[in-house]
Each structure stands twice: as C-alpha cells, then as structure tokens.
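This report walks through selected features of one model. Please look over the structure first.

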Amino acid sequence: MTAANTPLLRWLRATGAVFMKDWRSELRTRYAISALVMFVITTISIILFALGGEGASPEVLSGMLWVVIFFAAMSGLARTFVMEEERGTAMMLQLTTAPSAVFAGKLLFNLVLGAGLTVLTVVLYLIFISGFTVKTYSIFLGAITLGSIGLAAASTIIAAIIARANTKGTLYPVLSFPILLPLLMTVISATRLAADGMPFSEALGEFQILISYIVVVVTTSVLLFEYIWKD
Amino acid sequence: MTLRISLGILLTLVIVAAIGFPISASPQHWYEFPLIPGLEEKARLIFFHVPTAWLSVMAFCTSMFYGILYLRRRDPMDDISSSVAAGLGFLFCILATVTGAIWAKFNWGSFWNWDPRETSIFVLLLIYGAYFSLRSAVDVEEKRATLSSVYSIIAAVTVPFFIFIMPRIMTGLHPGAKGDPDGAGPVVEFKMSPNMRVVFFASLIGFTLLFIWMFRLRVRAARLEYFEHAKG
C-alpha cells in the first residue's frame, strides 16, 4: 500500500473535497456570505439607532456584541446542510462519501464562515460603537477565537438536524439557543473581563470551560452525525 | 397494584410529616423539627422542591437512556418511552421552577433573579421546549424518533456545564453556589437534623416510586395509542 492510499489520507482528501465543494458553490452564489454581511450591518445599525448617541456601559455592550454574532450565525450557518436537501444532492453525498468526512468538511466550512463573521462583527463593532473599548486584548482575542469555534461546532450539528426536519430556518435558533447558552454566557463574561481590563489570569476559568465545551460538543457531534445523516 | 398502594401510603406519610410536624426552637420530641434561623416554616420546602427537581433530572436521564437505546435498536417502543419520560421530566421541571420561584419571593425578595440554579432550570425548560417543538415539526415517525433522540443526547451533554460548572464561577443565592460558606458544588451538604433527614429521604424515595408508577402508566397508554393508530 502506498502512502497516498492509507485510510487516513483518503479521509482527509474526502474532507477537503467536501469543504472545497461547499466553498466553490458559496463563492458562485454568495448566498450565505451576503446574508451574513447584511445581517451584521443591519443589526449593528439598529443598535446604533437604539442607542441614539447615548452611551451604554461596557458590560451591556459586551453582551450586545454576542447577541449580534449569535443571531447572525443563526441566519447563515444552517445553509451548508439545508442546501444539500434543497438541491437534492444529499443522497449523492451519502453514497460517495463517509459520514465523518462529510461532517468534518461541513464543520470546516462553518468554522471559516463563523470566523469571518466574528471578525467582521468585531471590527465594525469596535469602529462604530464608541462606548465599547477593549483593555485586555489577550483575553478578548482568546474569547472571540474560542467563541467562534464553539459557535460553529454547535451550530453545525444542529444545522444537520434542521436540514433533516424540513423546517428550514424557523426552528434553528430555538434548537440552538439552549445548546449554545453555556458558551454564550462564558464568552460574554470573558468579554466583560476584557472590557474591564482584568489581567489574563482572571479569565483562565472561562477559557477552560470554553475549551472543554468545544471538545465535548465536537466529540458528541461526530459520534451522532451518522444517525442523522443516514436514512 | 402493590406499587400503587405502597406509594400512596408512603407519600401520605411524607406529606403529613413534612407539613404537619411542628418546628420548635428547642426540639423535645422526635417529631419536632429544629428551627433554622432565617428559614423558619419556609424550611419545609426542601421536602417537596428538591425531590421534584430530582424526579425531573431522573426523567431526563431516562429519556436520554431510551434515546440511545432507540438509536441502537430502532425499536419504536424505545422512542415512546423516551418521549414519555421527557414529558414527565418537563412537567416536574415546571413544578420545581414554580415552587422555587414562590419560595424565592418570600425568602430572597423576588420571584426570579438569575441565580445560577435558576438559570440552569430555565435552560432545562428551554431544551425540552425545543425538544417537543422538534418532535411536532417532523411528520415521519422514524425520522422524528432519530432526530429527537440525537437532539436530547446533544442537549444532555451540555447540561453538566450548567449544573456543575456555572454555579462555581458565578455567585448566587442558592445553596451550592460560589460564595456559599459550606462550599460550592452540585452536592449540597444540608444541615438537617436526623428526623428531617428521614422525612427528606423518604420523600426522595416516594418521588422516585411516583416517577416509576407514572412512567409505566403513561408508556402503557402511549403504546395502546400507537397500536390503535397502526391498525388504522
């Protein structure tokens, strides 16, 4: 057996192929990307109008940042699985690719999309919301990195359920919110610490929770995905 | 039958003892509960509130157990058991929330104040609300069973974050939260006198039996409905 044909390499190639397929079809239609960008811009301007020039405390604003990210993610991250059902390509993917490779590819795609979404939101938020200043950048960077990874991880498996349930978008936030709440609460508390200028060591507990949350959610998703995916 | 009768007797005794036994500052007799400063008569809540919460956690574990069994065996009966257990868990979760909120009004001053425990029970309610809306959204029987089992398992793995981890990093009023002088953690060492302990554990056993009885009854009813439906 040559090195190119080991099961692991084949699995990695399949994962990469699923990711590239989604990426290319996304670049052709720009459905999810434009939905996400418009959603973020709309929500941030609503916040600006609602504040109406009045300042809000950094505590409130750091919570609001994650409200924007959560709902933006809910508007775009289900796309990758719903698309397969809409175009009727799910069956083909089931026949040709191992379920774990499909999941890994979709997760990777959502990770990229989620990271882009988070970066865009954070940049716009820092520019336009003047009351929100970050004092400890190390905590803030850790929080947004781990936060967007966890968000993508949990919303990928829920997206798989939603696509199967044929309910499109309506149930997506309802099902995702309880699963994401531990993540959101921890990440909001870490963002607050960053806005308050606490030293990095103060946020270690939060980071431990975030990392264990990501590990737990990804592991269970990988174990359960096969049951959702196969008819 | 024996289960029903013994359950009736046990819970009657528990209710009589928990509500009827006097609370006195210096207990003289075996039936007198000691007075706990700051709690007084409100201490009786523990005999009902904690077993209610215990029953709902037990029901959710049962629901997840049958969910896993369903994914392994694909037997529709397992799905029936799973959804029945989730329904009972949801009912008792509401009861625990309501009893806790009423008690909080008189002891902490407001019905709700986002204490870590209150947050976690709120999330439990949300999870099972989502679980039932997912079930009602899917028409195909096998698909509904699979998707709801998977959802309940994913939800169950995130629950420990609330029950074990959140109370440790957040301060709260509920026993077992950070800042509690007796230490933070999910297992709360109650300062109970021996006679309170007996009533408390009798109540726990009573609620466990209550769950088994209600669960068996409703599974039987749901199965009859299923077969009736299958016949046409």
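## A serine and its surroundings

The model is predicted. In it, Ser81(B) touches Tyr66(B) and Val219(B), leaving aside residues up to four places away in sequence. Ser81(B) is part of helix α3 of chain B, which runs over residues 76-107.

Is Ser81(B) buried or exposed? Ser81(B) has 24 C-beta neighbours inside 10 Å, so this residue counts as buried. The cut-off for that class is 20 or more. Pro160(B) lies 79 residues from Ser81(B) in sequence. In space, the C-alpha atoms of Ser81(B) and Pro160(B) are 23 Å apart.

## Where the chains meet

Chain B brings 23 residues to the contact, and chain A brings 21 residues. On the side of chain B that touches chain A, α4 (116-137) and α5 (141-169) of chain B each supply at least two residues. The largest share of that side comes from α5(B), with 14 residues. By type, this side of chain B holds 19 nonpolar residues, three polar and one charged.

## The nonpolar core

How many residues does the largest nonpolar core have? It has 117 residues. Ile161(A) and Ile162(A) have the most contacts inside this core. Helix α7 of chain A (residues 137-165) gives the most to the core: 18 residues.

## A helix of chain A

Helix α3 of chain A covers residues 58-76. Its 19 residues should span 27 Å at 1.5 Å a residue.

Key. Residues are numbered from 1 along each chain as its sequence is written. Chains are lettered from A and ligands numbered from 1 in the order in which they are written. This is a predicted model: local features need pLDDT of at least 70, side-chain atom pairs count only at pLDDT 80 or more; totals for chains, interfaces and linings use all residues. Helices (H or I, at least four residues) and strands (E, at least two) are DSSP runs, numbered from the N terminus. The expected span of a helix is 1.5 Å times one less than its number of residues. Two residues are in contact if their C-beta atoms, placed from the backbone, lie within 7 Å. Ala, Val, Leu, Ile, Met, Phe, Trp, Tyr, Cys and Pro count as nonpolar, Asp, Glu, Lys and Arg as charged, and the others, Gly among them, as polar. A nonpolar core is a set of buried Ala, Val, Leu, Ile, Met, Phe, Trp, Tyr and Cys residues joined through C-beta atoms within 7 Å. A residue is buried if 20 or more other C-beta atoms lie within 10 Å of its own, exposed if 12 or fewer, and partly exposed in between; C-beta atoms are placed from the backbone.
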